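Trainee: I have a model open and would like to go through it with you. Can we start with the surface and then look at the packing?
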Amino acid sequence: MSGGASNSFRRAPRALDDRIAAMIRQSRRPLSAYDIIDLFADQQVKVVPTQVYRCLGRLTESGVVRRIASLRAFCIRENAREAVVFCT
């Protein structure tokens, strides 16, 4: 990250994709885009929703994460044949 008063995330999209994938991988539950934004805020890094949604779109498109529509959240996709079941 760049130094200075503002801790915005201004790196290549791939770097942000990798950080978001790591956050989802380390989580014990699916994460929404706003959960991810909150995790960045805890690290004092500013990201905006459009950045996160674009990254989640790329990660979904590439098969790294899976979107769970009913939860409006994302989880890591371990393999193409897995089933994801969440009970509430």
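Mentor: Accessible areas here come from the Shrake-Rupley method with a 1.4 Å probe. On that basis the protein exposes about 6100 Å², and carbon and sulfur atoms supply 49% of it. Keep in mind that this is a predicted model.

Trainee: OK. What share of the 88 residues is buried?
Mentor: Buried residues make up 32% of them.

Trainee: And how many helices and strands are there?
Mentor: The protein has three helices and two strands. Along the sequence the pattern reads α-α-α-β-β.

Trainee: How do H1 and H3 cross?
Mentor: H1 covers residues 13-26 and H3 covers residues 49-61; their axes come within 9 Å and cross at roughly 80°. Angles of 65 to 115 degrees count as roughly perpendicular, so H1 and H3 are roughly perpendicular to each other.

Trainee: Which residues meet there?
Mentor: From H1, Pro13, Leu16, Asp17, Ile20, Ala21 and Ile24 take part; from H3, Gln51, Val52, Cys55, Leu56, Arg58 and Leu59. By class, the contact of H1 with H3 has nine nonpolar residues, one polar and two charged.

Trainee: Now H2. At what angle does it pack on H1?
Mentor: H2, residues 33-42, packs with H1 at about 100°, and the axes are 11 Å apart. H1 and H2 are therefore roughly perpendicular to each other.

Trainee: Who makes that contact?
Mentor: Leu16, Arg19, Ile20, Met23 and Ile24 of H1, with Ile36, Leu39 and Phe40 of H2. By class, the contact of H1 with H2 has seven nonpolar residues, no polar ones and one charged.

Trainee: Staying on H2, which of its residues are buried?
Mentor: Ala33, Ile36, Ile37 and Phe40 are buried in H2. They cover an arc of only 100° around the axis, which puts them on the same side of H2.

Trainee: What do the buried residues of H2 pack against?
Mentor: They pack against H1 and H3.

Trainee: Which residue just after H2 has a positive phi?
Mentor: That is Gln44, with a phi of about 60°.

Trainee: Last one, on contacts across the chain. Taking residues at least 6 apart in sequence, what share of contacts joins residues at least 24 apart?
Mentor: In this protein, 43% of those contacts do.

Technical notes:
Residues numbered from 1 in each chain as written. Predicted model: local features only at pLDDT ≥ 70, side-chain atom pairs only at ≥ 80, totals over all residues. Heavy atoms only, no water. Axes fitted to C-alpha atoms, helices over the stretch in contact; angles between N-to-C directions. Helix = DSSP H or I, 4+ residues; strand = E, 2+ residues; numbered from the N terminus. Parallel < 35°, antiparallel > 145°, perpendicular 65-115°, else oblique. Contact = heavy atoms within 4.5 Å. Nonpolar A, V, L, I, M, F, W, Y, C, P; charged D, E, K, R; others polar. Buried < 20%, exposed > 50% of the residue type's maximum accessible area, 1.4 Å probe, protein only. Arc of directions from axis to C-beta.
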